Amino acid sequence: MTAAARLSARELTLAYEDHTVVDGLDLVIPDGKVTVIVGPNACGKSTTLRALGRLLKPKNGAVLLDGASLAKLPTRKIAQQIGLLPQTPVAPDAITVADLVARGRQPHQHWWQQWSDDDERAVTEAMARTDVTALAERPVDELSGGQRQRVWIAMAIAQDTDILLLDEPTTYLDISHQVEVLDLVRQLATATHDGDRGRTVAVVLHDLNQAARYADHLVAMKKGEVVAEGAPSEIVTEDLVRQVFGLDCVVVPDPVTGSPLVVPGAPWSAPSPARPAPARRHDPTA
């Protein structure tokens with residue numbers, strides 16, 4: 001394991017009551033990169049992400065932040081360093097965009113100082129970076145799916161953490177909004193020329209092709225275990241897709257990005273095109 005990584009898991013076992021979902025998992029989230037976790041349904045992807053954000057207590061093993069177990073760190077300190085956006089966040093009724101984004105500043109506030117210039121600056125910058133400034137006074141429940149996702153991500157950015165965990169942020173979105181959100185995720189991990197640092201981002205996705213396109217580091221899971229991890233160009237193969245998803249496929253270069261593109265094999269036979277009926281001749285005597 002890479003000792004320099006800020007967030008990692010060691011011999012992690014996760015369970016819901018008596019049902020073990022993840023058993024003995026070792027995982028490192030590389031700093032300053034986008035890590036995408038993929039795998040079939042119920043393989044432990046979201047469960048692992050919840051544990052990385054301390055929403056789920058490990059049965060055994062530990063999640064480590066800067067070498068210290070999350071279980072031993074104060075909640076406020078974790079919230080100042082790790083932001084987590086769950087699958088289906090729920091906003092209070094009628095809350096505006098600006099008010100929701102401002103809630104990301106709660107871990108940085110104290111009873112003697114409820115709002116500061118730093119809070120204002122963080123919210124303003126988060127809304128600008130996610131392109132939701134014009135929506136500031138709009139109720140969140142009136143927004144489109146893509147707009148709402150950008151607002152939730154703005155709240156996570158306003159939290160001003162170095163590490164951001166996103167659980168299936170493209171669920172229920174159409175393809176244009178999926179690309180919109182994933183482009184934003186990609187930007188978050190990229191340091192800008194004006195000094196804005198890049199963040200460490202870990203994302204759970206269902207779509208393997210989107211994962212291969214946007215990830216620096218890809219983690220493929222099955223039955224609570226890591227089957228393979230590394231750069232998408234190195235690990236996304238026909239054998240891996242067959243092993244993890246049980247799918248025969250062909251892997252070709254994406255014509256736009258060059259990243260691996262998985263083309264499923266056809267488990268069915270397309271019907272032969274119907275032959276056109278012969279043309280009827282015109283009978284001038286008819």
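Trainee: How many of the eight residues of helix α1 (residues 45-52) are buried?

Mentor: This is a predicted model, numbered from 1 along each chain as its sequence is written, in which local features need pLDDT of at least 70, side-chain atom pairs count only at pLDDT 80 or more, and totals for chains, interfaces and linings use all residues. Side-chain values use heavy atoms, with hydrogens and water left out. Buried means under 20% relative accessible area, exposed over 50%, and partly exposed in between (1.4 Å probe, protein chains only); helices (H or I, at least four residues) and strands (E, at least two) are DSSP runs numbered from the N terminus. Helix α1 is largely enclosed by the rest of the structure, because its buried residues number seven of the eight.

Trainee: Which residue with positive phi follows α1?

Mentor: The buried residues of α1 include Lys45, Ala51 and Leu52. After the helix comes a residue with phi near 60°, and this is Arg54.

Trainee: At what angle does α1 run to β1 (7-16)?

Mentor: α1 lies across β1, β2 and β4, where contact means heavy atoms within 4.5 Å. Axes are lines fitted to C-alpha atoms, for helices over the stretch in contact, and angles run from 0 to 180 degrees between N-to-C directions. For α1 and β1 the angle is about 120°.

Trainee: Which strands are at the edges of the open sheet of four strands?

Mentor: Two strands pair if DSSP finds at least two bridges between them. The sheet has the order β2-β1-β4-β5 with antiparallel pairing, and β4 (residues 60-65) is joined to β5 by two bridges. Strands that pair on one side only are the edges: β2 (19-29) and β5 (68-69).

Trainee: In β5, what is the bridge partner of Leu65?

Mentor: Leu65 falls within β4, residues 60-65, which pairs with β5 in the antiparallel sense. Its partner in β5 is Ala68.

Trainee: What share of the 286 residues of the protein chain counts as buried?

Mentor: The chain has nine helices and twelve strands. Of its 286 residues, the buried share is 46%.
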